[in-house]
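Trainee: I've got a model open and I'd like to learn how to read it. Can we go through a few features together?

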Amino acid sequence: MQTKLATNLLGLDSEGMEKCFAKLGEKPFRARQVLKWIHRRGAADFTAMTDIAKDLRTKLNQAAAIEPPVVVGDSTAADGTRKWLLKVDGANAVEAVFIPEDGRGTLCVSSQAGCTLACPFCATGKQGFNRNLSAAEIIGQLWLANQALGCHEVSARAGIDSARAISNVVFMGMGEPMLNLDAVIPAARLMIDDNGYGLSRRRVTVSTSGVLPGMDRLAEECPVALAVSLHAPDNALRDRLVPINRKYPIRQLIAACNRYLERAPRDFITFEYVMLEGVNDSDAQARALLGIAAGVRCKFNLIPFNAFHDSGYRRSGAERIRSFAQVLQRAGLTVTTRKTRGDGIAAACGQLAGEVIDRTRRSKTVPITALGA
Ligand code: SAH
Ligand code: SF4
C-alpha cells in the first residue's frame, strides 16, 4: 500500500533517481534499471520488476511509490484526437491531448493548473492560476497516454500495438512552462532520456509566452525545441494580447531567442501566431512581422483562433489566413497553418480548461468528486 510519505519515483529524472537510490544505499545502475521499468516498460508497481532483487523490491515498496495522476475523463473526437482529464488533487484536474497524424503522434501536455499570465484569448488564462504541477504530474501525462495507447514496451511485446504512437511532445497545454521549470526540466529530461522515452531533443517542444529568465535557464539546462507565442508585430498590441510583454518587450524577447539558439545551434524558433479576426491579421501586420523575423532564425506557425465561451474574439477567415501567410512566405519565411483538431471535445489549443478552482467564479466550480472520480 502506498503511503503519503513515500517518494513518487515517477517524477525523478536519472540524476534524481540516482540520488534517491544512493539514500537507500543502492548503486546507480539499479536506479537506471528502475527508471527503465517505469518509463520504457510502463511498470506501475515494483512487483513487476522481475530482474530486480526481491529484497530491493521490498525496500522500494516501503519507501517509494509510482503514482500517476488519476484519469477522470477520456474522450475521443471524430478526427481521432483524444483528450484525458487528469485529477491531480482534490481540487484540480488538468488536460492532456493526443493528436494522431500521418506518420507521427503528438502529445500536448499541461505544466500548471491554470496560468498566471492572463492572455485574454486563452481559456486557461481566463480561469486564473491554481498551482504548479509536479514533475510526476507532468511526466505522468506521457506515462498515462502511453499506457492508454498501449505503447509501453510491455504492451507492445504483448502485441497490443507495436507502433510508437507518441513521437512528439509539446508543452502547449495548460500553463506557462517557463514559470515551472523545477518540474518541467526533469520531465523534459525523462522524455529525451534513452532509458526513459528516448525522444529526440527536437521532438520535445516547450512553448512560452516569453518569460525571458526561464528561456535562459532552459537553454542552459535542457535545450529542447522552443516555440514562442508572438501573436502581435508591435509592443502596443502585444502588451494587450500577451500581457507578459509589458515586462519583457519584443526587442528583449528576440535577444533571448538568439541566446537560446546559441545553445541549440542548428535549431530555429517557432513563432506561434494566433489568428484573431480584425485584431492582428492584416497584411500590414504581416509585413510588420518581417522586421522581427529578420532578427532571428525562425519559422511561423499560424494558429486559427479556437473560440470558447465568452472569449470576445473571432477566428480569422480562411482567405485572410492564406493572404497573411503569403506575405510571410513571399519574404522567404517558412509558414505552416495549424489544422484545428479536437474541436468537438474542446481539445484544441487554448481551449483546455481542466477543472481548476476558478478564482473569479468560485461558486460555479464543479468539484472533481462530482465528476465521478
Ligand atoms: N503558456 C504557453 C504554452 C501554452 S499555450 C504559451 O502561451 O506559449 C499554447 C499555445 O496556444 C500558445 O501559442 C497560445 O498562445 C495558444 N493559444 C491560447 N489560447 C488559444 C486559442 N483560444 N486559440 C488558439 N490558440 C491559443
Ligand atoms: Fe498562459 Fe499561455 Fe494561456 Fe497565455 S496563452 S494565459 S501564457 S497558457
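Trainee: Leaving out residues up to four places away in sequence, which residues does S111 touch?

Mentor: Some ground rules before that. This is a predicted model, where local features need pLDDT of at least 70, side-chain atom pairs count only at pLDDT 80 or more, and totals for chains, interfaces and linings use all residues. Residues are numbered from 1 along each chain as its sequence is written, chains are lettered from A and ligands numbered from 1 in the order in which they are written, and side-chain values use heavy atoms, with hydrogens and water left out. Now, contact means heavy atoms within 4.5 Å. By that rule S111 touches N132, L133, I138, F171, M174, G175, E176, P177, N180 and V184.

Trainee: Is S111 buried or exposed?

Mentor: Buried means under 20% relative accessible area, exposed over 50%, and partly exposed in between, with a 1.4 Å probe and protein chains only. S111 has 1% relative accessibility, so it counts as buried. Across the chain, buried residues make up 55% of the 373 residues.

Trainee: Where does S111 sit?

Mentor: Helices (H or I, at least four residues) and strands (E, at least two) are DSSP runs, numbered from the N terminus. S111 is in the loop between strand 6 (104–108) and strand 7 (112–114). The chain has 12 helices and 14 strands.

Trainee: How are helix 7 and helix 8 arranged?

Mentor: Two packed helices are described by the angle between their axes and the distance between the axes. The axes are lines fitted to C-alpha atoms over the stretch in contact, and angles run from 0 to 180 degrees between N-to-C directions. Helix 7 (residues 181–192) and helix 8 (residues 212–221) pack at about 30 degrees, with axes 11 Å apart. Angles under 35 degrees count as roughly parallel, over 145 as roughly antiparallel, 65 to 115 as roughly perpendicular and the rest as oblique. So helix 7 and helix 8 are roughly parallel.

Trainee: Which residues meet there, between helix 7 and helix 8?

Mentor: L181, D182, I185 and R189 in helix 7 meet G214, R217, L218 and E221 in helix 8. For classes, Ala, Val, Leu, Ile, Met, Phe, Trp, Tyr, Cys and Pro count as nonpolar, Asp, Glu, Lys and Arg as charged, and the others, Gly among them, as polar. This contact divides into 3 nonpolar, 1 polar and 4 charged residues.

Trainee: And what surrounds ligand 2?

Mentor: Here a residue is near if one of its heavy atoms lies within 4 Å. Ligand 2 is surrounded by C115, L117, A118, C119, C122, G125, G175, E176 and S209.
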